[in-house]
Amino acid sequence: KFDPESLLKEFTDESYKICRVPLQLELAVEMWVASGMLPRNLDGLYSYVLGPLVDKEAWRDQGHGEWPDVLNALAFTMMTGKRPYDPKKDYLPEELKAELLTKKLLVDRGEVLEFRHDRVRAYLAAKYFGLRWRTILTDEKTTVDPNWDTMLEFHLAVEQNEDQTRDLVF
């Protein structure tokens with residue numbers, strides 16, 4: 001049985017920062033109930049929730065190692081295009097789509113689907129961006145706008161290379 005008191009006793013300053021966003025509070029509670037642990041940082045929370053969906057090794061074992069890249073690219077396209085996922089135009093493997101719908105990370109909106117929260121989309125888009133940011137930012141068609149803020153926050157939270165961070169920011 002869920003005991004909110006025991007959860008709050010484990011909260012740190014970082015936990016409070018993470019849980020300011022209602023979705024992230026909900027995800028942190030889900031994590032606590034399932035594992036008895038709280039995320040140490042934002043990446044830890046989203047890695048716990050989305051990890052199985054973006055785990056290339058696990059998908060490769062099933063013969064679908066490219067699926068995480070497909071999902072991340074779709075999230076980036078949705079973010080930059082400021083649009084939902086349209087099954088008539090966009091490719092997303094049915095098994096992956098079903099998993100996202102089951103976990104309530106993707107929401108059916110009739111003809112289209114959207115991520116439950118922009119932060120889910122941004123986390124996945126950051127995975128795509130992180131591998132090709134120089135190419136993306138030097139493309140003259142790229143327009144960086146406030147819609148990119150959360151994705152960049154996720155990217156910078158996990159970027160370990162100071163030189164690359166400096167190049168990106170400056």
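Colleague: Why is Lys104 called exposed?

Modeller: The model is a predicted one. In it, Lys104 has a relative accessible area of 58%. The term exposed requires over 50%, so Lys104 is classed as exposed. Lys104 belongs to the loop between α7 and β1, and its phi is positive, about 60 degrees, although Lys104 is not a glycine.

Colleague: Why is Leu106 called buried?

Modeller: The relative accessible area of Leu106 is 4%. Since buried means under 20%, Leu106 is buried. Leu106 is part of strand β1. Beyond residues up to four places away in sequence, Leu106 touches Leu92, Lys97, Leu100, Leu101, Leu113, Glu114, Phe115 and Arg116.

Colleague: How do you know that β1 and β2 are paired?

Modeller: Pairing requires at least two bridges between the strands. Four bridges join β1, residues 106-109, to β2, residues 112-115; therefore the two strands count as paired. The strands run antiparallel. Leu106 stands opposite Phe115, and Asp108 has Leu113 as its bridge partner. The two strands form a hairpin with two residues between them, and Gly110 in the turn has a positive phi of about 85 degrees.

Colleague: Why are the buried residues of α9 placed on the same side of the helix?

Modeller: In α9, residues 149-158, the buried residues include Met151, Phe154 and His155. These residues cover an arc of only 95 degrees around the axis, and therefore they lie on the same side of α9.

Colleague: Which residues have the most contacts inside the largest nonpolar core?

Modeller: They are Tyr46, Leu50, Leu71, Phe115, Leu124 and Met151, in a core of 45 residues. Two or more residues come from each of α3 (22-35), α4 (42-54), α6 (67-81), α7 (94-102), β2, α8 (118-138) and α9. The most is given by α8, with nine residues. Leu71, apart from its neighbours within four places in sequence, is in contact with Leu53, Val54, Leu92, Leu96, Leu100, Phe115 and Leu124.

Colleague: What makes Gln24 buried?

Modeller: Gln24 has a relative accessibility of 1%. The cut-off is under 20%, so Gln24 counts as buried. Gln24 is located in helix α3. When neighbours within four places in sequence are set aside, Gln24 contacts Ile18, Cys19, Leu42, Leu45, Tyr46 and Arg119. Gln24 and Leu42 are 18 residues apart in sequence, and their C-alpha atoms are 8.7 Å apart in space.

Colleague: What angle and what distance describe the packing of α3 and α4?

Modeller: The angle is about 65 degrees, and the axes are 10 Å apart. The crossing is left-handed. On the α3 side the contact is made by Leu23, Gln24, Leu27, Ala28, Met31, Ala34 and Ser35. On the α4 side it is made by Leu42, Gly44, Leu45, Tyr46, Tyr48 and Val49.

Notes
Residues are numbered from 1 along each chain as its sequence is written. This is a predicted model: local features need pLDDT of at least 70, side-chain atom pairs count only at pLDDT 80 or more; totals for chains, interfaces and linings use all residues. Side-chain values use heavy atoms; hydrogens and water are left out. Buried means under 20% relative accessible area, exposed over 50%, partly exposed in between (1.4 Å probe, protein chains only). The arc is that of the directions from the helix axis to the C-beta atoms. A nonpolar core is a set of buried Ala, Val, Leu, Ile, Met, Phe, Trp, Tyr and Cys residues joined through side-chain atoms within 4.5 Å. Contact means heavy atoms within 4.5 Å. Axes are lines fitted to C-alpha atoms, for helices over the stretch in contact, and angles run from 0 to 180 degrees between N-to-C directions. A crossing is left-handed if the near helix is turned anticlockwise from the far one by less than a right angle, and right-handed if clockwise.
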